[in-house]
Amino acid sequence: MAALFISDLHLTARRPAKLALFRELLRRAAGRVEALYILGDLFEVWVGDDDDTPPYTEIIDALLAFSAGGAPLYVMRGNRDFLMGARFEQLSGARLLPDPHVAELYGQRVLLMHGDLLCTRDRDYQDFRDKVRNPRWQRRFLSLPLFLRKLLGRFARLRSRLALRGKPAYLMDVDPAAVERSMREHGVRLLIHGHTHRPAVHALDIDGQPARRVVLGDWYEQDSALLLDAGGPQLMRVTDCLRRLG
Ligand code: MN
């Protein structure tokens with residue numbers, strides 16, 4: 001059996017077709033994959049585990065139905081849902097993974113990341129990330145009333161959209177030097193990440209060794225999924241993945 005990887009679904013009540021596609025994938029994957037890894041930005045926005053407005057509860061129920069089937073469900077926080085915590089884990093049956101995380105899969109070490117940490121050329125973003133990943137900042141934010149957190153979440157989206165407008169494309173991609181550094185540091189020859197919405201399998205050379213960087217696409221348009229088994233990684237569209245799972 002293969003392990004299934006997805007990321008950057010950006011699930012929201014505003015895109016009901018993607019909610020249905022995700023539920024379908026979970027249903028089809030149950031009992032047919034060794035494990036499911038969601039590498040960040042499962043949700044368009046997450047302002048705290050206590051937010052039970054649609055579509056959060058139905059997604060969490062679908063996650064729980066999958067994890068109750070026995071295959072492990074691993075979820076990494078992305079830059080949109082970095083506030084997922086212990087209550088989310090309990091309700092969904094998912095295990096939250098640190099970023100970066102090394103998994104031992106089919107006899108090889110595989111480095112898993114959301115991908116934003118590799119975009120080191122965007123200093124403004126990395127400064128913002130440092131700020132909001134600080135436990136003190138998070139405790140303060142999570143102590144605000146839910147309606148206010150939702151409002152601030154929307155405001156942050158708007159601000160980030162405006163900031164993106166002025167940024168050149170190369171800033172939004174990974175820094176090849178950061179990729180090499182991370183892979184060397186963790187002693188891996190396979191890296192899987194999302195975030196940049198540029199799905200691809202990149203062949204690399206790290207210290208004279210062949211290596212690969214697999215980038216998962218988003219679910220806005222690309223509907224990207226990856227199956228990994230002893231034969232290697234296979235990047236495909238979710239519809240093809242559903243067919244493969246049978
Ligand atoms: Mn992201």
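Is D240 buried, exposed or partly exposed? D240 is partly exposed, at a relative accessible area of 30% (buried means under 20%, exposed over 50%, partly exposed in between, with a 1.4 Å probe and protein chains only). This is a predicted model: local features need pLDDT of at least 70, side-chain atom pairs count only at pLDDT 80 or more, and totals for chains, interfaces and linings use all residues. Residues are numbered from 1 along each chain as its sequence is written, and side-chain values use heavy atoms, leaving out hydrogens and water.

**Manganese site**
- Four protein donors, D41 (OD), N79 (OD1), H114 (NE2) and H195 (ND1), lie 2.1 to 2.3 Å from the manganese ion.
- Donors are N, O and S atoms within 2.8 Å of the metal (3.2 Å for Na, K and Ca); water is not among the atoms, so sites may look incomplete.
- H114 and H195 sit 81 residues apart, in two loops.
- H114 is buried at 0% relative accessibility, and H195 is buried at 18%.

**Salt bridges**
- The structure holds 17 salt bridges (a side-chain nitrogen of Lys or Arg within 4 Å of a carboxyl oxygen of Asp or Glu).
- K18 pairs with D223 at 2.7 Å, N to O, and both residues are buried.
- D50 and R149 meet at 2.8 Å, N to O. D50 is partly exposed at 38%, while R149 is buried at 3%.
- D240 bridges to R243 at 2.5 Å, N to O. R243 is exposed, at 61% relative accessibility.
- R15, E44 and R80 form a salt-bridge network.

Key: Helix = DSSP H or I, 4+ residues; strand = E, 2+ residues; numbered from the N terminus.
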